[in-house]
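Biologist: I'd like to take a close look at one part of this model with you. Could you walk me through it and then place it in its wider setting?

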Amino acid sequence: MTQAYVEDFTTTADGGAAAEPAWLAEARAQAMARFEAVGFPSTRGEDWRYTSVAPIAEADFRALRSASGEVTAGQIAPYTFGHPEWPTLVFVNGRCAPELSSVGALPRGVRVLPLAQALREEPALVERYLTRIAGSEQPAQAFTALNTALMQDGAVVLVGREARADQPIHLVYATDAYAARGAAHLRNLIVAERHAEATVIESYLGTGEATYFTNVVTEVEVEAGATLRHYKVQRESPRAYHVGTVEARQERDSHYVSFSFATGAALSRTNVYTVLAGEGCGATLNGLYMVDGDQHVDHQTRIEHAQPNCFSREVYKGILDGSSRAVFNGKVYVHPVAQKTDGKQSNNNLLLSDRAHVDTKPQLEIFADDVKCTHGATVGRIDETALFYMKSRGLSRDLARRLLTYAFAADVLETIEVDEVRVGLEQLTLERFTGE
Amino acid sequence: MLDIRNLTATVGGKQILNGISLAVNAGEVHAIMGPNGSGKSTLAQVLAGHPAYEVTGGEVLYEGRDLLEMEPEERAQAGIFLAFQYPVEIPGVSNAYFLRSAYNEIRKARGLPEADPLEFLDVMEEKSRIVDMDAAMLNRSVNTGFSGGEKKRNEILQMAVLEPKLAILDETDSGLDIDALRVVADGVNKLRRPDNATIVVTHYQRLLNYIVPDYVHVLAGGRIVKSGGKELALELEAKGYDWLVDSDEAPVAAGAGGAAR
């Protein structure tokens, strides 16, 4: 079942080797060898127990290697939070579309460019980080290995020392019918250098109902004292497959804020991993998933407290209707040296249907003795007491239900610090549940 | 306006109301008093249509309609309002949004045009003054993190906005200090009109110093054991409930609808 993916590698290596730096060719070859050895992850392993990727393995999604598609600016517009003037890179079917992208005049010290261009023209920009943050050694990391082997394009965002990107940087990944049966192995790199500050948004969207596979890896480096807000909005086609991994590495006194909003794809898996590798770091990993029909949505997070005096906050919420399934697996790992760690984690799910199903597993693994960590998970239905209260004020059962459902989601959306993004996602959610 | 005839009800298979009869007319204030577990709150909840209570007998007519056949929201739309003993917290739904939704649902049901957010702002400003409510509380989630007094005040604010014909106050005085009690009672009094009626459910006579009832009914063991004027409340304050609850006259007074009417 891995054959098609291996073939893709062979042809890529032949075609692209000449233009590519040796360190990358070597990384690709190693990654492909690992992928060939382990294949796709199976549900026998802990990391993929509740999510079978057999549909991806069996479909033989072939790598999309050249520019394709007919996506227009008009189709992108509804996804830009009303701010097409933000520095924006648009990718169509896995490749950067310059005619839809507009980076504009960036503040001093800020660079935003397609990975393919960086590799072609300035590989030194990315060499320190690319493939060195995201792990692909474990069998569970097979998708990252595959991505490393096959990546062609993606975004590079570099925010230099003490630079501040005053506007959010928007990375839009659009896929249309031309990508049917294809795979986009996208690779992003975001670096916030010492005391830099930036907001980066990744938006994934399908313009139609094509079946395709997005396999994205985003490597993130947050240097000392830097702040990075990193929002991901996954609204892929309802027949798409999406596997996305974010791996962040944080140096001392840095802040990494992540939000994963997921409503799309037939099957999606989002991994958000961060290592708090210096003292005084903070990590906030929040998310909201809303699925219906036969959708399957899986989030796995890992917060590794490797140094003392760091805090982490995590709230993931899910709303499930129809026969949908959700998986949440959140691990907070506290190393023996990471004293005074302050960690809070929760996952709350709201079931709107008897057929929906959630597997949730918050996990604390603590090897230090002076820490403050809590975690919890809930799976529940609409609160009948609140429902009666609202009905007693004249609201129909249906309206009361929809308001309560929205309220459940609004609670976590409120944590999004960038107003335009928060309001945009609140509006989407409101429309979903109240039709307003 | 409201005619309760020999009403019986159970919760979780346990009989709580044992044949209540009571008539309430426009312009009247009825107080329902009684010891804990007498069925006062159950009566209030049954009138509002709480699904946990099962009506096993009797009937309730509201403006000539069969109240028991109506959904809770239909009752609200028809002008019934229950101020909850324990107002429910709804995190994530702002007070203002909730109030406007309720206001508009009720206006729709009455064939009146809905108010847009700006128009409704004026309504809220006016009504907030009745209960001396800080504007900041309108933007907070419904009852979430409110103190006991703030929750009760919020109930009266809802009542002021929704302008019910029949308001049922379920132990609205419980847990209130004297200042909060005054604010809440003042609010209720300001909302009294010749064409609406109020049922005040309370354990203590104290509230009735501020909301003066026309009739007082004593509930015990799920039935009305005595009815009278406002002086009955004072008698209860002085003598407690025991003389009524244990007395043999209880069954006689059960059909106190006549006294109430």
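Biologist: Let's take strand β16 (residues 311-320) of chain A: how many of its ten residues are buried, and what does that say about how the strand sits in the rest of the structure?

Modeller: Happy to, and please keep in mind that this is a predicted model. Seven of the ten residues of β16(A) are buried, so the strand is largely enclosed by the rest of the structure.

Now to the strand's partners. Strand β14 (residues 282-291) of chain A runs parallel to β16(A), and ten bridges join the two. Within that pairing, Ala283(A) stands opposite Ser312(A) of β16(A). Strand β18 (residues 342-351) of chain A is also parallel to β16(A) and is joined to it by ten bridges. There, Leu320(A) has Leu351(A) in β18(A) as its bridge partner.

Stepping back to the chain as a whole, chain A contains ten helices and 20 strands. Of its 436 residues, 54% count as buried. Among contacts in chain A with a separation of 6 or more, 82% are between residues 24 or more positions apart. Along the principal axes, its C-alpha atoms fill a box of roughly 70 × 50 × 50 Å.

Finally, chain A has a neighbour: 16 of its residues are in contact with 20 residues of chain B. The side of chain B that touches chain A has 13 nonpolar, five polar and two charged residues.

Note on methods
Residues numbered from 1 in each chain as written. Chains lettered and ligands numbered in written order. Predicted model: local features only at pLDDT ≥ 70, side-chain atom pairs only at ≥ 80, totals over all residues. Helix = DSSP H or I, 4+ residues; strand = E, 2+ residues; numbered from the N terminus. Buried ≥ 20, exposed ≤ 12 C-beta atoms within 10 Å, placed from the backbone. Contact = placed C-beta atoms within 7 Å. Nonpolar A, V, L, I, M, F, W, Y, C, P; charged D, E, K, R; others polar. Pairing = 2+ DSSP bridges.
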